[in-house]
Amino acid sequence: MRTITLINGDGIGPEISDAVVKIIDASGLKINWDIQTAGADVIESEGTPLPGRVLDSVLKNGVALKAPVTTPIGKGFRSVNVQLRKELDLYANLRPCKNLPNVKTRFENVDIVVVRENTEDLYAGIERQVDENTAESIKLITREASERICKFAFDFAVKNNRKEVCVVTKANIMKLSDGLFLDSYRKVAEDYPQINKREILVDNLCMQLVQDPTRFDVLVLPNLYGDIVSDLTAGLIGGLGVAQGANIGEKCAVFEPVHGSAPDIKGQNKANPTALLLSAVEMLNYIGEKHYAQKIENALFKTLSGNIKTVDLGGNASTVEFTERIIKNL
Ligand code: ATP
């Protein structure tokens, strides 16, 4: 039986993790979940929101499913999500955005994959208070990380029969940092004659995405633009409740939804488990369990098509009712 790390998170994390574990179990696939707690709840007992045991577990098992973990504000701790990606060198953040059956949105035929660099940019955490009224954050971009993520995006495009990889920067203003990212893209692109190339500025991309998202295929972006644009693309397909994600490195992979811990709806049996479930489906594909991945996706699509939806999608099903219906449809 395969052992997989489960970081069940906080906020709505435990509710949606519980739902997803039940669905996978009901599909007939047996997984030994190595449950690892992290976040604000473990700070008192272990002195850190991200204890070494969590990292050890992911490295040992090679794969993790992760629900959102809240970053405690003002306590001097870095975001668990950011730290986890950095410590495990999960350099590629993959966020596919595709319309779901019977989830009405402004546009049909949206099928965009956001490939976000995950280890540097303004997320490097290099900040200082210059004086009482001035703060400074350093935007760190290296050729090594930029070439690595661009290569990942092109390899993804080739493997998945995608036609185009578009690089997104603000290189007209940040000529050195974004300029280096753009230059790395151009260099890597030479090795992929079969894939269309395209360069766009991030502001223009945002405008075009809300005018007609079907103009875009695979996007590759530095960390911060990737964070913002992937929330925008989540909005194009029904919102954060359905937006899946994966963080991939050389040694391991962590599958997690785009959304945060949604403390505003915590414990209300209202959260949509779809984003975590679709992340889990990708995880099953990643470990080669394609039969179960397909079975679970079919049951989810059948449930949505039958008009059983959670509140965020305009329905009135609770997390538990939605989960039970998916299980029935398996
Ligand atoms: P973070 O900064 O950690 O990404 P955030 O502040 O962007 O978090 P989220 O926690 O992602 O915020 O939530 C943003 C909004 O989306 C909230 O109103 C929340 O209730 C809603 N939301 C997020 N995830 C879900 C979900 N799975 N089901 C229903 N609503 C959700």
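Contact here means heavy atoms within 4.5 Å. Helices are DSSP runs of H or I with at least four residues, strands are runs of E with at least two, and both are numbered from the N terminus.

I note that this is a predicted model, in which local features need pLDDT of at least 70, side-chain atom pairs count only at pLDDT 80 or more, and totals for chains, interfaces and linings use all residues. Residues are numbered from 1 along each chain as its sequence is written, and side-chain values use heavy atoms, with hydrogens and water left out.

**Helix α11**

I listed the buried residues of α11 (residues 319-329): Thr-319, Phe-322, Thr-323, Ile-326 and Asn-329. They line one face of the helix, because they fall within an arc of 125 degrees seen down the axis of α11; the arc is taken from the directions from the helix axis to the C-beta atoms. An α-helix has 3.6 residues a turn, so residues three or four places apart point the same way. On the face turned away from the buried side I found the exposed residues Glu-324 and Lys-328.

**Strands β6 and β7**

I looked up the pairing of β6 (residues 127-131) with β7 (residues 134-137), which is antiparallel over 4 bridges. Two strands pair if DSSP finds at least two bridges between them. Glu-127 has Ser-137 in β7 as its bridge partner, and the hairpin joining β6 to β7 runs through 2 residues.

**Domains**

I took the bounds from an automatic or database domain assignment: domain 1 is 1-91 + 243-330 and domain 2 is 106-112 + 119-236. Their C-alpha centres lie 25 Å apart. The contact takes 9 residues from domain 1 and 9 residues from domain 2. The area buried between the domains is about 860 Å², with 61% from carbon and sulfur atoms. That area is the accessible area (1.4 Å probe) that two parts lose on being put together, summed over both. Lys-86, Tyr-91 and Val-258 supply 55% of the area that domain 1 buries against domain 2, more than any other three residues.

**Cysteines**

I counted disulfides (cysteine sulfur pairs within 2.5 Å) and got 0. The sulfur of Cys-166 is too far for a bond, because the closest cysteine sulfur, in Cys-150, is 11 Å away. Cys-166 is buried at a relative accessible area of 1%. Cys-252 is buried too, at 1% relative accessibility.

Definitions and conventions: Buried < 20%, exposed > 50% of the residue type's maximum accessible area, 1.4 Å probe, protein only.
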